[in-house]
Amino acid sequence: MHMKHSMAILAMVCSLTACMTPAANPIPQRDIAAASEALKGATVLDVELFTPTVTIGDMCAKQPLPDSNATMTAGLAAAIAQADSYSKAQKGVGLVILKDGKILHESYAGEASAVTATDSYSMHKSVLALVYGIAIDEGIIGSVNDPAERYISEWRNDPRGKITLKQLLNMESGLKLYSFSDPASKSMELLLAADINAVAFDYPMVDAPGAEFHYNNVNSQVAGIVLERALQQKGYKSYAEYLERKLWCPVGNDKARLWLDREGGSPHYYAGLFTTSHNWARIGELIRNQGKLGDKQIVSAEWIKTMADPSPTNPNYGLHIWLGSPYVAKRQYSPQNPLAVTHGAPYLAEDVVFFDGFGGQRVYVVPSKGLTIVRTGQVNFAYDDAKIVNLVVEGLAH
């Protein structure tokens with residue numbers, strides 16, 4: 001009788017206070033300093049150190065990149081040899097050059113090969129932008145002009161909720177830019193915490209949206225959260241699933257891995273896509289062909305064009321993609337960031353667009369010349385961004 005009485009009281013209390021069952025898998029705490037130390041010294045080849053990951057592309061029907069059977073002029077052969085030599089001298093790991101979709105040149109350093117997955121760093125950002133285009137075409141995302149609050153309930157009745165998706169993709173959200181030099185900063189938390197989405201939601205807004213360009217990983221993370229939530233509303237399991245079904249497999253890619261913050265957690269939408277140079281080349285080819293592969297339109301041509309429209313605050317940046325023109329000798333990531341990339345000369349083609357991964361990872365696309373160039377390498381800020389592209393473009397003219 002006493003037990004029944006107690007149970008009745010407990011039931012009444014729970015009905016009044018909404019008793020909740022404890023979460024089966026609470027988010028763990030992580031020692032950021034220890035996690036940082038564990039990755040210290042990791043190179044672009046040490047992708048196995050980044051855990052956990054989710055795999056995509058295992059079930060894709062891989063489409064091999066054909067070798068070019070065109071006769072190479074002496075001038076082009078010499079230019080490509082120079083480009084290869086330059087890349088290797090600047091700590092290059094791989095260099096793949098395609099002309100009209102066919103491999104003109106492919107080389108790797110050391111034990112790396114065509115099946116070697118490397119750390120692409122921020123090149124994932126440009127893939128995120130491509131997936132955005134597909135989601136907009138399918139009505140999953142309404143428009144890049146939508147405010148973030150439409151998808152992020154946490155930011156409703158918050159000034160940050162007025163930031164548009166375009167401002168996130170243009171890197172002009174006004175969210176605070178933290179330094180990586182401080183191990184305790186939010187930049188390190190966004191990289192290594194067990195719940196990076198919670199970290200992203202905690203970034204304050206310090207400038208008016210649209211006022212200034214700041215290359216900031218939190219912009220990509222928030223844009224990724226928006227996309228994943230919109231996808232789940234439409235019945236998709238995850239960003240990884242949608243990326244695989246709508247982009248990765250349709251272009252003929254094979255295995256890649258996405259770095260998660262924890263098992264079953266969030267991808268790092270701004271980095272952490274580990275795959276091969278050939279897979280990057282097929283993504284570059286998609287852009288070169290205005291979103292089309294053969295007779296199949298994977299991303300709309302209009303979206304590819306929109307991605308390359310200069311942002312209002314930086315003429316060298318579009319929607320998560322860099323633009324080679326107008327010329328800048330030193331390309332900065334933000335006014336406060338001391339890191340800058342050298343462009344030793346203007347690009348010899350006006351339509352160069354490229355993915356930029358930290359310290360020398362690149363996918364260059366030059367539609368007017370039929371070129372896609374993938375370059376991977378160890379982190380090196382002495383690397384000249386224009387050198388390889390200009391050597392190849394000049395070689396094509398001789």
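Which residues does Asp384 touch, not counting residues up to four places away in sequence?

Modeller: Asp384 touches Tyr86, Thr342, His343 and Gly344, with residues up to four places away in sequence left out. Touching, or contact, means heavy atoms within 4.5 Å. This is a predicted model, where local features need pLDDT of at least 70, side-chain atom pairs count only at pLDDT 80 or more, and totals for chains, interfaces and linings use all residues. Residues are numbered from 1 along each chain as its sequence is written, and side-chain values use heavy atoms, with hydrogens and water left out.

Now place Asp384 in the chain. It lies in the loop between β14 (371-377) and α12 (387-396). Helices (H or I, at least four residues) and strands (E, at least two) are DSSP runs, numbered from the N terminus. Asp384 is buried, yet it has no salt bridge. Buried means under 20% relative accessible area, exposed means over 50%, and partly exposed is in between (1.4 Å probe, protein chains only). A salt bridge needs a side-chain nitrogen of Lys or Arg within 4 Å of a carboxyl oxygen of Asp or Glu. The nearest side chain of opposite charge to Asp384 is Lys387, 6.0 Å away. In this count Lys and Arg are positive, Asp and Glu negative, and His and the chain ends are left out.

Next, look at a sheet. Four strands form an open sheet in the order β1-β5-β6-β4, with antiparallel pairing. Two strands pair if DSSP finds at least two bridges between them. The edges are β1 (53-56) and β4 (118-119), and each pairs on one side only. Inside the order, β5 (residues 256-259) and β6 (residues 273-275) pair in the antiparallel sense over two bridges. Here Leu258 stands opposite Leu273 in β6. Helix α9 (residues 239-248) packs on the sheet and touches β1, β5 and β6. The direction of α9 makes about 25° with that of β1. Such axes are lines fitted to C-alpha atoms, for helices over the stretch in contact, and angles run from 0 to 180 degrees between N-to-C directions.

Follow these elements to a cross-link. A disulfide joins Cys60 to Cys249, with S to S at 2.0 Å. The rule asks for cysteine sulfur atoms within 2.5 Å, and the count comes to one disulfide. Cys60 sits in the loop between β1 and α3 (74-89), Cys249 in the loop between α9 and β5. The pair links distant parts of the chain, 189 residues apart. The link of Cys60 and Cys249 is left-handed, with -80° about the S-S bond. Cys60 is buried at 12% relative accessible area, whereas Cys249 is partly exposed at 24%.

Last, the backbone. Most residues other than glycine have a negative phi, and most peptide bonds are trans. The bond from Thr51 to Pro52 is cis, with omega near -5°. Pro52 lies in the loop between α2 (32-39) and β1. The bond from Ser325 to Pro326 is cis too, with omega near 5°. Pro326 is in the loop between β9 (322-323) and β10 (330-332). Lys91 is not a glycine, but its phi is positive, about 70°. Lys91 sits in the loop between α3 and β2 (92-99). Asp100 also has a positive phi, near 55°, and lies in the loop between β2 and β3 (102-108). Lys91 is partly exposed at 47%, and Asp100 is partly exposed at 47%.
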